[in-house]
Amino acid sequence: MRSPLIDTLVEETPGGPMVLGHRGVRNAEVTENTLAAFEEAFKRGARGIEIDVESTADGKLIVINRWFCKARLGFFPWEKDLEGLRAAAQGQGIKVPSFHDACRFMKSKPKSIFNVEIKSSHPYLCHTARKAVNVIRHHGIDDQVILSSFDINTLITTRFFHHTIETAYLFRLNDRTVQIEDKKRWRFKINTLLNRSGIKGFLVGADTLHPEISLFPRPGARETLWMKAARLMGKRVNAWTVDEPEEMEKAVAAGVAVVISDGVRW
């Protein structure tokens with residue numbers, strides 16, 4: 001269900017969408033998805049943050065983006081245990097927070113939105129989502145959280161283990177995959193088209209839609225089908241990643257409630 005707290009925060013925000021810091025802040029002097037990045041986002045005026053949560057090889061929940069991890073450390077998060085991953089990150093001066101660390105930080109910001117994106121997935125039960133829900137409950141920040149994912153099994157798992165937490169379906173213009181050769185397969189191409197339509201979010205009963213800003217029409221243009229359906233069904237629509245003036249214009253014209261921004265410049 002939609003969080004009453006987040007609904008109230010959105011209603012109390014005059015003059016446009018609320019702004020969340022994408023991974024705290026990106027492309028800044030501090031490293032993304034770290035406690036320092038979260039602090040910096042709030043210093044810049046963010047009303048909350050968006051983070052990525054992954055599982056390590058030994059099942060620990062950490063805050064890191066899989067593509068960042070691969071590019072900077074040379075492996076994906078699930079390929080190392082917590083000790084090995086943190087050691088590699090520390091060698092580059094990066095302090096990788098646990099999900100508990102991030103939750104403790106957000107508990108100190110009770111009137112802020114905490115967008116938790118679950119990156120890990122599983123064909124049936126997403127163990128990362130199951131564990132994340134337990135951590136969120138432990139810290140008592142359920143009403144601040146939007147738990148989002150590109151993966152519908154993750155959202156189904158979340159709803160099974162937490163009946164009231166707000167869930168959001170992420171979708172984008174072009175899907176990404178760990179296995180590059182998958183992009184050549186017809187099944188991947190068809191799945192990309194389905195994902196782009198937003199239909200999976202409606203099928204799994206997601207409370208909120210999180211489309212990429214490139215999927216929004218120009219101001220004054222006709223609404224997309226998913227926009228019409230979201231309006232008719234009372235689903236909140238949040239946009240990512242919004243950093244350019246023309247992107248914010250599209251978000252405002254579409255009546256977006258929350259935008260996720262790399263630089264939090266608004």
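Visitor: In the second largest pocket, how many lining residues are charged?
Guide: This is a predicted model, where local features need pLDDT of at least 70, side-chain atom pairs count only at pLDDT 80 or more, and totals for chains, interfaces and linings use all residues. Residues are numbered from 1 along each chain as its sequence is written, and side-chain values use heavy atoms, without hydrogens or water. The lining (residues with an atom within 4 Å of a pocket point, on a 1 Å grid over the protein atoms alone; a pocket is open, with protein on both sides within 12 Å along at least five of seven lines) has 7 nonpolar and 2 polar residues. Its charged residues (Asp, Glu, Lys and Arg) number 4.

Visitor: Which element gives the most to that lining?
Guide: The second largest pocket has 13 lining residues, with Arg231, Lys235, Val237, Ala254 and Gly255 nearest its centre. Two elements give two or more residues: strand S8 (236–240) and helix H10 (225–233), both DSSP runs (helices H or I, at least four residues; strands E, at least two). The one giving the most, with 4 residues, is H10.

Visitor: What volume does the largest cavity have?
Guide: There is 1 cavity of 30 Å³ or more, a cavity being a set of points where a 1.4 Å probe fits but cannot get out. Among the residues lining the largest cavity are Glu32, Phe68 and Pro97, and the lining divides into 6 nonpolar, 3 polar and 2 charged. Its volume (the space filled by probe spheres set on the points, joined across faces, edges and corners) is about 50 Å³.
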